[in-house]
Amino acid sequence: MFTPKVQNAQTDLLMKALLSLKNTEEAYRFCEDVLTIKELESITQRLEVAVMLKHKVTYQEIARKTGASTATISRVNRCLLHGADGYRKVLADIDPD
């Protein structure tokens, strides 16, 4: 059984909000309201890094293509290898190769 590292009434509300979104437009609208542009850019960069790591792209190539620091790439890689399997689940759905 998975136990979140941070779970409280506020994070439960966020998870319920995410699960309530029905399509891409609703997701964009919610993200634009709840996140700053920088936060959205950081999250999308991490997801792109995760996709590239899944495809065995080198850190140097990922850094060049995404602008991510090697520290960010390493953090994403650690999550892929030892995290809560959130990236793995999402990647299996959005990038099934």
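The lining of the second largest pocket divides into 5 nonpolar, 1 polar and 3 charged residues. The model described here is predicted. Leu53, Lys54, Lys56, Asn77, Leu80, Leu81, Arg88, Leu91 and Ala92 form that lining. H3, H5 and H6 are the elements that give two or more residues to the lining of the second largest pocket.

The largest pocket has 40 lining residues. Closest to its centre are Met15, Leu18, Ile43, Gly86 and Val90. Helices H1 (9-20), H2 (24-34), H3 (37-54), H5 and H6 each supply at least two residues of this lining. H6 gives the largest share, 7 residues.

| Pocket | Volume | Lining residues by type |
|---|---|---|
| Largest pocket | about 2000 Å³ | 23 nonpolar, 9 polar, 8 charged |
| Second largest pocket | about 200 Å³ | 5 nonpolar, 1 polar, 3 charged |

Now to the helix pair. H5 spans residues 70-82 and H6 spans residues 86-94. The two helices pack at an angle of about 90 degrees, and their axes lie 7 Å apart. H5 is therefore roughly perpendicular to H6.

Which residues make the contact? From H5 come Val76, Cys79, Leu80 and Leu81, and they meet Tyr87, Arg88 and Leu91 in H6. By type, the residues of this contact are 6 nonpolar, no polar and 1 charged. Leu80, Leu81, Arg88 and Leu91 belong to the contact of H5 with H6, and these residues also line the second largest pocket.

Definitions and conventions. Residues are numbered from 1 along each chain as its sequence is written. This is a predicted model: local features need pLDDT of at least 70, side-chain atom pairs count only at pLDDT 80 or more; totals for chains, interfaces and linings use all residues. Side-chain values use heavy atoms; hydrogens and water are left out. Axes are lines fitted to C-alpha atoms, for helices over the stretch in contact, and angles run from 0 to 180 degrees between N-to-C directions. Helices (H or I, at least four residues) and strands (E, at least two) are DSSP runs, numbered from the N terminus. Angles under 35 degrees count as roughly parallel, over 145 as roughly antiparallel, 65 to 115 as roughly perpendicular and the rest as oblique. Contact means heavy atoms within 4.5 Å. Ala, Val, Leu, Ile, Met, Phe, Trp, Tyr, Cys and Pro count as nonpolar, Asp, Glu, Lys and Arg as charged, and the others, Gly among them, as polar. On a 1 Å grid over the protein atoms alone, a cavity is a set of points where a 1.4 Å probe fits but cannot get out, and a pocket is an open set with protein on both sides within 12 Å along at least five of seven lines; lining residues have an atom within 4 Å of a point. Grid points are joined across faces, edges and corners, and a volume is the space filled by probe spheres set on the points.
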